[in-house]
Amino acid sequence: MYDLERYLNVRSAYGASFAPDGTLAFLTDTTGVPQVWTLDEPEGWPDQRTFYEERVTFASWSPERRELAFGMDEGGNERAQLYRLDPDDGRIVNLTATPDAKHRWGGWSHDGDRFAFASNRRDESVFDVYVQGRTETGDDATLVTEGDGWLSVGGWSPNDDRVLVSEAHWSFDQDLHVLDIESGDMTHVTPHEGDVRFRSANWGPDGDAVYLVTDYESDTLALARLDLTADAIDDVGERLDIVETGGDWDVDGVALDDETDRLVYSRNVDGYTDLTVGELDGPTDIAEFPTPDLPGNLAGGVAFDDDGERFALSATGRTENTNVFVVEIATGTVERWTRASTAGIPRETFVEPDLVRYESFDGLDVPAYFSLPDDWTAGEAGGAATDDGVPVIVDIHGGPESQRRPSFAGLTQYFCSRGYAVFEPNVRGSTGYGREYTHLDDVEQRMDSVADLAAAVEWLGDREAVDPDRIVAMGGSYGGFMVLAALTEYPDLWAAGVDVVGIANFVTFLENTGSWRRELREAEYGSLEADREFLESVSPINNIEAIRAPLFVLHGANDPRVPVGEAEQIAEEAREQGVPVEKLVFDDEGHGISKLENRIETYTAVVDFLDEHV
């Protein structure tokens with residue numbers, strides 16, 4: 001009933017921030033790319049504040065003034081600059097004005113006079129920490145400490161004399177430091193052995209502790225208190241007290257208002273959000289408030305108001321496009337503030353997936369979301385597959401340290417409306433199911449995750465609803481590698497493949513990715529120095545003679561993560577094998593397709609491709 005453009009015009013509102021006077025800023029893609037908008041009251045008429053053709057990545061109100069900071073890159077190059085916006089006269093100031101460098105926002109000081117950020121402007125391969133006055137620009141920023149890796153700033157202490165600095169070694173190993181702004185001294189507060197995650201760090205009320213999530217001595221992430229008053233220690237365990245465990249599931253993150261002791265944390269239960277609202281009742285005790293009843297089954301992006309009586313967050317679900325809601329903490333009362341358009345498509349037409357599990361080659365249970373067109377019900381999905389069944393798109397997430405969760409996806413809904421089923425596996429290596437599960441695809445075990453895709457096809461082959469001869473592999477970034485590997489390792493299983501900004505050759509990928517990312521990626525995939533032979537052996541480009549299925553390759557020319565050369569080489573090599581190949585490269589995009597007009601062009605071409613070949 002509705003064409004692709006309508007589904008891609010379904011809007012999202014997210015990234016909320018409260019001004020001191022209660023005005024709410026948020027991002028929405030109403031114009032085709034995310035821009036800053038503000039609201040003075042729930043579901044009022046919003047005011048657009050930025051008017052760019054490039055995406056805005058965040059917006060943050062000053063805690064003391066009617067002004068906000070926002071970030072924006074150019075053409076998807078991820079070299080974000082920071083800006084200050086005066087909403088009353090519309091003036092915008094480029095605060096960083098160093099277009100060749102990345103800038104990662106680190107938050108306002110409590111008095112709103114300064115802000116902190118991390119940047120690689122001194123050396124492209126590492127990040128330093130800077131502090132800058134609100135009226136300063138460009139080189140006026142003060143370099144507080146030089147880093148030798150991937151640093152980011154986690155927020156100011158209650159008295160604004162220190163900031164938290166996170167150092168990422170890779171996705172499953174971080175360290176936390178406390179940086180003294182005046183002296184530049186940085187204290188390492190998480191000494192540990194092996195891989196341990198320390199994430200979502202928040203200053204405690206008195207500045208003598210940090211609340212964070214960690215998997216120290218655990219398979220899953222827990223909410224913990226990190227004592228900062230202890231003398232020098234050899235192991236972080238001497239500083240840590242567990243506040244709440246996630247049990248079999250991760251505590252996803254925590255947000256804490258250091259002026260009121262109020263906090264919100266969430267558990268990731270099989271991909272769905274389980275939210276807890278409370279207040280510190282002692283260093284490791286939480287007095288809980290009523291749980292808000294939010295639409296959808298995913299929520300996040302918590303921002304407290306000025307007095308800590310309310311917080312804003314975004315909520316979404318597979319049948320609920322993303323919107324901003326405000327929760328009264330004491331009562332749990334939920335108030336919708338935004339009503340992002342569904343492009344006139346009734347919500348009741350959207351398809352909710354079934355959460356399923358299937359057995360892989362070694363007996364491992366792999367979770368997945370299975371969305372069937374309306375003509376089929378879950379009860380009819382069993383039994384032998386038939387030629388009368390529907391085609392299936394196996395949609396593979398990137399990362400690989402990531403997780404497919406059932407948030408709203410207009411493209412998924414469109415495919416279901418066209419009679420496709422969509423199958424979204426969280427193969428081994430995905431996050432959300434514990435540390436052990438995530439490490440099952442590390443380095444030499446890389447291809448076991450590809451075998452999970454073959455097992456998915458086998459499971460689908462037992463569904464009456466499925467046509468086993470019309471199964472498509474589609475994925476982006478690392479998911480693009482998985483598509484190419486699936487097509488070359490198991491060529492007889494697939495009717496077509498759609499590779500979005502994917503890795504074709506691990507060697508050229510690591511050689512050409514942004515220098516600031518190389519060390520983090522080598523920790524997951526293997527190093528060029530020690531593992532080159534293995535990296536070559538698992539690169540789809542080196543097994544291209546096996547490919548048979550038609551291939552669609554999509555990329556952004558400005559991609560700093562997976563350079564566009566990955567798309568160029570796989571498309572050329574596949575064509576030389578006689579494989580039908582379509583390639584689409586956008587000059588104004590990076591690691592993914594963000595602009596609405598490009599998304600419409602892209603997925604119109606993908607749908608035409610699938611209609612022809614599937």
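Guide: Let us begin with Phe-70, which is buried, with a relative accessible area of 0%. Buried means under 20% relative accessible area, exposed means over 50%, and partly exposed lies in between, with a 1.4 Å probe and protein chains only. This is a predicted model, in which local features need pLDDT of at least 70 and side-chain atom pairs count only at pLDDT 80 or more, while totals for chains, interfaces and linings use all residues. Residues are numbered from 1 along each chain as its sequence is written, and side-chain values use heavy atoms, with hydrogens and water left out.

Visitor: How many aromatic pairs does the structure hold?

Guide: Rings of Phe, Tyr and Trp (its six-membered ring) pair if their centres lie within 6.5 Å; planes under 30 degrees apart count as stacked, over 60 as edge-to-face and the rest as tilted. The structure holds 30 such pairs. In one of them, the ring centres of Tyr-52 and Phe-70 are 6.2 Å apart and the planes stand at 45°, so the pair is tilted. Tyr-52 lies in the loop between strand 4 and strand 5 (56-61), and Phe-70 lies in strand 6 (residues 68-72), so the pair ties together parts that are 18 residues apart in sequence. Helices (H or I, at least four residues) and strands (E, at least two) are DSSP runs, numbered from the N terminus.

Visitor: Is Tyr-52 buried, exposed or partly exposed?

Guide: Tyr-52 counts as partly exposed, at 29% relative accessibility.

Visitor: Where does the charged end of Arg-463 sit?

Guide: A charge sits over a ring if NZ of Lys or CZ of Arg is within 6 Å of the ring centre and within 35 degrees of the ring normal. The charged end of Arg-463 sits over the ring of Trp-459, 4.1 Å from its centre. Trp-459 is one of the buried residues of helix 4, a helix spanning residues 446-460 in which 12 of the 15 residues are buried.

Visitor: What is the phi of Glu-43?

Guide: Most residues other than glycine have a negative phi. Glu-43, however, has a positive phi near 55°. This residue lies in the loop between strand 3 (35-39) and strand 4 (47-48), and Glu-43 is partly exposed, with a relative accessible area of 40%.
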